[in-house]
Amino acid sequence: MIRKLSVFLLLVVAIQCKEKEKTEALKDSNIVDEYYGQKIEDTYRILENLNDSVTINWLKDQKTETEKAFGHNPGIVKIQKSIEKKRNDNESIITKLKISQDDIHFYLKRSKIETTSKVYLRNGLNGSEEILYDPKDFKPSSDESYSINYIQPNWDSSKIVLSITKNDEEFSQLFVMDVKTKKIVSDTLPNALPNSLGGVEWLSNNEGFIYTYTPITDTKNKDYSFLAEAKIYYLNKKVDKLKTIFSKKNNPKINIKQEDFPIIYFTHPKNKYVLASIAGVSSYRDTYYEEIKNISQEKINWKKLYGKQEKIKQFFLYGSDLYYRTAKGASNFKICKVNLDAPNFEDATILVPEQNSSVISDFEITKDGIYYVKTKNGVEAKLFFRDHLTTKESEIKLPKPSGNINLSSHGIDFSELRITIEGWTSYKETYILNHETKQFESIDLVPVTQYDFLKDIIVEEIEIPSHDGVMVPLSIIYRKGTKLNGQNRMLINAYGAYKWSNSPFLYNYLLYWLEEGGIYATAHVRGGGEKGDDWHLGGRKTTKPNSWKDLIACTTYLINNNYTNKDKTALWGASAGGITIGRAITERPDLYKAAAIRVGTLNMLRSEFGPNGQNNIKEFGTVKDSIEFQALLEMDAYHNLKKGTKYPAVYLTAGMNDSRVPPWQPAKFAAKLQEEGNSNNPVLLDVDFEGGHGFEASANKKDKELSKIMTFLLWQTGHPDYQLK
């Protein structure tokens, strides 16, 4: 045992020594910036230059050392076999389901032996399945990996827009397929981002569609993603097939910034109006409107409908009536209606008032009335109904308790309502509601996978006081029979940004952590939307420290109440969650044994200078403002590393094609931690030189990343099967 331990320590020390030696070569690039009389040293600024050979070689060395570390860990084979087995348990996975008004089902499906999804359709729930498109046919002779990430059929189901991406890049190409002939009937339109930028909206006569085009998609270009345009593409025109209808250049009288994304909404073929919003990362948007009959004019007279101050989060337009969910004067949201023939938001009709103890998180309008979801603390969701004539509220009993509910319908001309429910221990299940009987019928196109061991899971939903006395929701999940003796491995997830609620969902991290006997927790920190608009504002810009202080408070509670101890506690987060995780381990490194951060934002002082950085100012702030500068410095994990401090083990990932978080964000943090940290805990940086943010990654790539993250966290928290040879 002593000899094995010695070999283990020697290997870890060897990895750390190599990391420090290679990091030394970067220090000649030391930069000192001065903000408002305060000098800030940025030792590893060279890593921001992704064209520099020193940077690229260092990133490649990091990748090599990371692969070596996992090569010595027998546990990774175990987790890979478990992942493969569960993947084989799923006959197929269906996503992006779109159901037309004539009940044609369009969807993506990936079988257990495939790495990417194909496009299918079926006529009705029980109709025979028909393949429409295989992405391998896009460029069959290419070595690149292509996948479909978005679909949108037109109003009569005769044609469908397909969005295809390459190598985990978010930006895609659009083309149109004729559903009957299965032939491509359009040009291929580059630089689209339908998954994030409003999608595709077909015109009411099906002669074309509207989408958002971004001219510059190279993340190394200083003007990356600037000057986006909303365009119409006409299918049958021989010339002038593309027409810009909303942009900074076309609409100089409208305050559209270069970093904004113009997005068009046309939600129903009978609508009188079309809406145009100015989008960014902000939750609320300035929105304009015009009659749909004028959309083809040379100059469109967009009129201001409402501004960000109306705090409208979700809306549906039917005819001239706009139904919307707003936080204006209602932190937990209310549902209102105005008529666009004479819109008056100050005198809007309130259809569902704000709730005291829960957030109105979703709603749908049908022929019969309004269905809406009330969610408490982001984890307990219930369904309610009000008809169009009275204000009487009735709760609809669900097929099973749910932590998260999403609604969809065909709109105000139909009675049909579809709901999707999920929880911490169950995958998405989809049902259709019979309005008359209030009974649900399962309409899942494939069986939903169930795992027997998840039947004996205990879920505790509690609230604990944070540093300032505010009560923070905390979800704790573990297997029945687990002894709360302080000796359990604990994995805590947190995010806390953009008003996104970390609602119940069977994460793969949760699934495999529970399978290996650990306890899993989610800290619903401020900055998210679990407790409404005020909860988001409580973790944004100058109040951002509440995000990681809430996480620290949750961690302390779990340790003090014998769920775990500091040597068995690990964190994981991703993207903007890197702020929360990064600052938790830099402010209280003594509380954690390890952390895994996927494509994390860790150098906030430089955030606005990276891809999509100008948009993130709306959520986090800018160095051009003295107060916001101080807030950014406070939330910057990189600049809050202190030389000689013993930090937890850290595993970081980065994608060289990431359009949201540039690879230098995690890279700079890794470099400084390797050089200045004072512990034998490994710091691994895993760079995907062909990858992006991870949204469009293939199943194989996602599984490989998952196996590494789980292996690292189980290794560091002491699981005997995951120790280095």
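The points below describe selected sheets, helix contacts and single residues of a predicted model.

1. Basis. The model is predicted: local features need pLDDT of at least 70 and side-chain atom pairs count only at pLDDT 80 or more, while totals for chains, interfaces and linings use all residues. Residues are numbered from 1 along each chain as its sequence is written, and side-chain values use heavy atoms, with hydrogens and water left out.

2. Eight-stranded sheet. An open sheet of 8 strands runs in the order β31-β32-β34-β33-β35-β36-β37-β38, and its pairing is mixed. Strands are DSSP runs of E with at least two residues, helices are runs of H or I with at least four, and both are numbered from the N terminus. Two strands pair if DSSP finds at least two bridges between them. At the edges stand β31 (457-465) and β38 (683-688); each has a single partner strand, so one side of each has no neighbour in the sheet. From one strand to the next the twist averages 15°. For angles, axes are lines fitted to C-alpha atoms (for helices, over the stretch in contact), and values run from 0 to 180 degrees between N-to-C directions.

3. Inside that sheet. Strands β35 (residues 569-574) and β36 (residues 594-598) run parallel and are joined by 5 bridges. Ala-570 has Ala-594 of β36 as its bridge partner. Helix α6 (residues 545-560) packs on the sheet and touches β31, β32 (471-479), β33 (490-493), β34 (519-523) and β35. The direction of α6 makes about 45° with that of β32. Contact here and below means heavy atoms within 4.5 Å.

4. Four-stranded sheet. Another open sheet has 4 strands in the order β15-β16-β17-β18, with antiparallel pairing. Its edge strands, β15 (261-265) and β18 (303-306), each pair on one side only. The twist in this sheet averages 35° from one strand to the next.

5. Strand β17. Antiparallel strands β16 (residues 273-279) and β17 (residues 286-291) are joined by 6 bridges. Val-274 stands opposite Glu-290 of β17, and Ala-276 has Tyr-288 of β17 as its bridge partner. With β18, β17 pairs in the antiparallel sense over 3 bridges; Tyr-289 stands opposite Lys-303 in β18. Is β17 mostly covered or mostly uncovered? It is mostly covered, with 5 of its 6 residues buried. Buried means under 20% relative accessible area, exposed means over 50%, and partly exposed lies in between (1.4 Å probe, protein chains only).

6. Helix α3 against α11. Helix α3 (residues 75-89) and helix α11 (residues 699-716) pack at about 140°, with their axes 9 Å apart. The two are therefore oblique to each other. Under 35 degrees counts as roughly parallel, over 145 as roughly antiparallel, 65 to 115 as roughly perpendicular, and the rest as oblique. Ala, Val, Leu, Ile, Met, Phe, Trp, Tyr, Cys and Pro count as nonpolar, Asp, Glu, Lys and Arg as charged, and the others, Gly among them, as polar.

7. Helix α3 against α4. Helix α4 (residues 508-515) packs with α3 at an angle of about 120°, their axes 12 Å apart. This crossing is right-handed too. Ile-79, Ser-82, Ile-83 and Lys-86 of α3 meet Leu-511, Tyr-512 and Glu-515 of α4. By type, these residues are 4 nonpolar, 1 polar and 2 charged.

8. Surroundings of α4. Because 6 of its 8 residues are buried, α4 is largely enclosed by the rest of the structure. The buried residues are Tyr-509, Leu-510, Leu-511, Tyr-512, Trp-513 and Leu-514. After α4 comes Gly-517, with a positive phi near 90°.

9. Thr-165. This residue lies in strand β8 (residues 159-166). Its relative accessibility is 1%, so Thr-165 counts as buried. Leaving out residues up to four places away in sequence, Thr-165 touches Ser-145, Tyr-146, Ser-147, Asn-149, Glu-170, Phe-171, Ser-172 and Glu-696.

Key: A crossing is left-handed if the near helix is turned anticlockwise from the far one by less than a right angle, and right-handed if clockwise.
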